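Trainee: Please show me how to read a model of this kind, feature by feature.

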Amino acid sequence: MAVQGSSRVGGLRPLTGEQIRSAFLRFFAERGHEVIPSASLVPEDPTVLLTIAGMLPFKPVFLGQAKPPAPRATSSQKCIRTNDIENVGYTARHHTFFEMLGNFSFGDYFKQEAIQWAWELITEVYGLDQEHLVISIFRDDDEAEVIWRDLVGVNSQRIIRMDEADNFWTSGPTGPCGPCSEIYYDFKPELGNEGIDLDDDTRFIEFYNLVFMQYNRDSKGTLTPLENFNIDTGMGLERMAQILQGVPNNYETDLILPLLQKAAFMADIDYNKLDNKGKISLKVIGDHSRAITQLICDGVTASNLGRGYILRRLIRRVIRHGRLIGISKPFLVDIGQAAIDLMHSAFPQLLVRKEVILNELKREEARFLETLERGEKLLSDILETHPSEITGLQAFELYDTYGFPLELTQEIAQEHDLTVDSSGFDVAMEKQRQRAKAASVSIDLTLQDAIDEVAINLQPTNFQGYEALEQICRVQALVVNGEPASYGKAGDSVEVILDMTPFYGEGGGQIGDNGLLLRDISDLESLSVVIKDVKRISNIFIHRGLIQQGTLQVGDIVHARVDASLRRRAQANHTATHLLQASLKKVLDPSISQAGSLVSFHRLRFDFHSPRASTSNELEQIERLINDWIAESHSLQTQVMKIEEAKEAGAVAMFGEKYGETVRVVDVPGVSMELCGGTHVANTAEIGVFKIVGETGISAGIRRIEAVSGPAVLDYLNERDVVVKALGERFKAQPNEIVERIIALQDELKVTAKSLSAAREELAFAKAAALGNKAKQVGSSLFLVERLDCVEGGALQSAAQDLVDQLGSNAVVVLGGMPNLSDQNKVIFVAAFGSKIVAGGLQAGKFVGEIAKICGGGGGGRPNLAQAGGRNAKALNAALDNAREKLVSALS
């Protein structure tokens with residue numbers, strides 16, 4: 001992110017969102033802070049789904065697991081939170097997407113500098129009047145009060161001490177923590193300094209939080225001073241914009257208002273003339289359109305899981321609120337384009353990914369219309385099985401999964417004389433809110449397990465595995481059976497940290513190496529540790545395995561040996577993955593980009609962005625091209641260079657991946673050049689052969705190719721050969737005849753199934769015809785209520801309609817039965833009403849639904865023909881008796 005101009009713009013205080021952001025970064029850059037670009041919304045941290053705070057990218061630094069990028073840093077970090085999504089649009093300052101401006105110190109400056117610079121920034125650069133500012137501090141933080149009062153000059157009446165819940169920052173039960181000081185803007189300073197209540201959000205808005213990370217809390221709750229004190233601050237860009245631009249809420253700042261105006265234009269309405277309900281819908285559209293655009297830009301695609309679910313939920317809320325204000329046509333592409341136009345100067349990647357973003361929005365909007373239809377089908381099924389009431393959980397599923405507003409479910413239920421358990425819906429909604437808050441509102445700096453604890457003060461592991469597969473190493477730390485230890489014996493599960501290693505640690509899609517730790521290269525008796533996996537915590541390699549022989553303790557010198565055969569397989573698959581991406585760009589589209597990968601010993605997997613499936617012909621071209629490159633024997637070249645040099649040379653980076661200042665470039669000359677830390681073959685000829693085994697879609701806009709290479713191809717072909725031989729024996733056919741034989745059998749089955757269905761229908765008609773003379777007369781009407789078992793629903797409907805046709809337009813036929821006499825949990829009812837009966841006010845759908853209730857079911861249909869189901873066959877005869885009584889009464 002570029003930082004332009006001075007802290008002040010032409011001597012005037014910054015007013016636009018872009019000026020506010022630039023002034024903040026410039027201010028701290030002038031004070032020795034390195035400007036760090038915003039990290040992706042998809043974090044490296046597996047404990048959170050999305051980047052929810054400005055400090056999250058620095059979490060490994062605060063935990064001591066990674067070196068800081070600089071002693072001082074500043075950033076404008078894009079963030080997403082959905083724990084309070086129901087407040088978006090209703091309050092002045094709740095958002096899903098927001099920018100957090102921050103300055104950070106990693107063991108450099110501390111409380112005094114952080115406070116004094118914060119005050120200088122907000123009063124001299126942003127020009128805020130001291131009369132409008134109030135400071136909160138932790139109740140026991142006398143040091144902070146002295147700095148604010150004596151060094152900065154804040155009126156002591158406007159320094160408010162707060163309890164731990166408000167002004168002591170923690171991120172988990174254990175780990176780094178410390179007091180914090182918050183700066184509030186007072187919109188009504190004329191009310192004076194007496195009885196200041198910072199919870200009054202009509203008067204105060206908190207816009208800058210200074211966290212003084214100075215303690216470590218252990219499992220007993222004891223606080224001990226950290227070796228290095230850290231600073232973590234956060235200023236909400238949208239909140240500062242509201243203050244400086246003098247508008248009543250964040251939505252009317254230049255950061256969001258253009259999106260509200262765009263949506264209002266598409267709905268042909270005026271934001272300023274709308275009632276509160278209409279304004280809320282526009283605010284939701286404005287907020288969510290920023291979020292969905294940035295999420296897709298960072299590689300998230302809509303799905304029903306994890307981040308994809310969050311994206312899908314936000315998109316559907318945008319569509320729903322668009323419809324509420326009268327937008328009847330698809331509009332996500334237009335609002336997405338408006339969001340890109342608004343934000344691309346701060347986030348240039350939006351322009352690079354524009355086509356991907358707009359295509360995803362278009363697909364998901366179309367999919368939502370299909371989802372609405374599926375939701376209607378689910379609602380129909382619910383109406384059949386729970387006729388008295390739609391439960392709160394069912395209403396919530398319709399809302400949460402299918403996008404049905406509660407009001408729509410209530411309206412449809414009312415048409416069927418049903419009620420909706422709205423209180424149960426509220427309970428389900430509250431449970432989801434609590435889950436969301438628990439999952440996404442905090443960043444956990446708690447040490448996750450024993451290996452974190454022993455690794456926290458260790459230096460990064462020296463990886464030697466590019467050059468060697470065997471290495472003499474020293475044991476630096478040990479976890480035995482899940483607990484920190486200094487000693488392990490035969491039979492123990494261990495996690496071992498070495499000072500250096502030839503073992504590749506899982507990363508970049510490639511799994512970790514397997515191998516052995518030995519006392520000596522030729523000595524398997526005194527020590528043998530079988531390593532089955534190698535992970536990384538930042539740059540510390542964790543070797544996981546089992547002590548099969550001997551003992552192991554911290555300080556031991558061991559001989560580390562990688563399984564060379566498995567390494568060769570991984571190398572072949574990893575280089576093949578690079579060739580696969582290059583071939584996809586040549587055959588399908590040069591803009592193809594990676595969405596994920598897996599390189600294992602036995603197979604490879606490559607996920608990529610594509611709006612459609614690859615054809616068989618295209619897959620053949622891709623496979624042929626890769627095998628041609630293999631046969632051409634290209635020698636690979638690897639080089640370590642600065643990231644900018646690598647990009648200028650044309651190296652492909654995986655979008656969303658975090659890279660340092662220097663990177664490793666793997667080049668297959670004339671074919672592929674990628675940033676990659678994985679292991680590779682020296683020459684493409686070492687791969688041998690490449691075979692695609694499958695291409696599928698894994699989510700909207702994401703395709704997956706699975707393949708094998710090298711020795712794994714022979715394994716794959718052998719497995720196929722076994723299957724083909726078994727099928728040949730089963731069908732008495734040669735391999736080239738098997739497909740034709742199966743097609744012929746399928747055709748035979750189709751003919752048989754049709755014949756069976758026709759026979760069942762004929763049987764139903766025959767049984768029904770015998771019932772015709774049992775019709776009873778009431779007045780001028782005829783009615784027939786009978787039991788007919790062993791007939792499926794479709795045939796039962798046809799039989800009932802045929803009987804009504806025979807008996808006349810003033811006739812009613814109700815048939816009920818068990819399709820399968822061995823299944824006591826399934827009952828079917830069918831009602832067919834003649835045209836005069838319907839004209840008289842009776843409806844088959846409502847009638848049969850009431851009868852089915854007796855068997856614990858429900859259903860409905862058209863006024864003249866309807867079907868219902870039940871789950872209690874024991875009540876079938878009673879239900880039919882009830883039908884007779886009702887018809888006698890109604891027809892009389």
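**Reading the model**

Trainee: Which element gives the largest share of the lining of the second largest pocket?

Mentor: The largest share comes from E8, with six residues. This is a predicted model, in which local features need pLDDT of at least 70 and side-chain atom pairs count only at pLDDT 80 or more, whereas totals for chains, interfaces and linings use all residues. Residues are numbered from 1 along each chain as its sequence is written, and side-chain values use heavy atoms, with hydrogens and water left out. Helices (H or I, at least four residues) and strands (E, at least two) are DSSP runs, numbered from the N terminus.

Trainee: How much space lies in that pocket, and which residues are closest to its centre?

Mentor: Rolling a probe the size of a water molecule over the atoms shows where empty space is left. On a 1 Å grid over the protein atoms alone, a pocket is an open set of points where a 1.4 Å probe fits, with protein on both sides within 12 Å along at least five of seven lines; lining residues have an atom within 4 Å of a point. The volume is the space filled by probe spheres set on those points. Here the second largest pocket holds about 1,600 Å³. Its lining has 49 residues, and Arg81, Glu182, Glu206, Asn209 and Arg239 are the closest to the centre. Elements that give two or more residues to the lining include strand E3 (97–106), strand E8 (204–217), strand E9 (223–236) and helix H6 (237–245). By class, the lining divides into 20 nonpolar, 16 polar and 13 charged residues.

Trainee: Which residues of the largest nonpolar core touch the most other members?

Mentor: In soluble globular proteins, nonpolar side chains tend to be buried together. A nonpolar core joins buried Ala, Val, Leu, Ile, Met, Phe, Trp, Tyr and Cys residues through side-chain atoms within 4.5 Å; buried means under 20% relative accessible area, exposed over 50%, and partly exposed in between (1.4 Å probe, protein chains only). The largest core has 90 residues, and Ile122, Tyr126, Leu128, Trp148, Phe207, Tyr208 and Met235 touch the most other members. Helix H8 (residues 276–297) supplies the largest share of this core, nine residues. Over the chain of 892 residues, 50% count as buried.

Trainee: How many residues of helix H24 are buried, and what covers them?

Mentor: In H24 (residues 844–853), seven of the ten residues are buried, among them Phe847, Val848 and Ile851. What covers them includes strand E31 (811–817), strand E34 (865–870) and helix H25 (876–891).

Trainee: Is serine 781 buried or exposed, and what does its side chain meet?

Mentor: Serine 781, in strand E30 (residues 781–787), counts as buried because its relative accessible area is 6%. Its side chain makes a polar contact at 3.3 Å with the side chain of asparagine 810; such a contact is a pair of N or O atoms within 3.5 Å, where within protein one must be able to donate a hydrogen and the other to accept it, and residues adjacent in sequence count only if both atoms are side-chain atoms. Contact in general means heavy atoms within 4.5 Å. Beyond neighbours within four places in sequence, serine 781 is in contact with Lys776, Asn810, Ile837 and Leu891.

Trainee: Where is glutamine 410 found, and what does it touch?

Mentor: Glutamine 410 is found in helix H14 (residues 406–415) and is partly exposed because its relative accessibility is 31%. Not counting residues up to four places away in sequence, glutamine 410 touches Val420 and Ser422.

How values were computed. Ala, Val, Leu, Ile, Met, Phe, Trp, Tyr, Cys and Pro count as nonpolar, Asp, Glu, Lys and Arg as charged, and the others, Gly among them, as polar.
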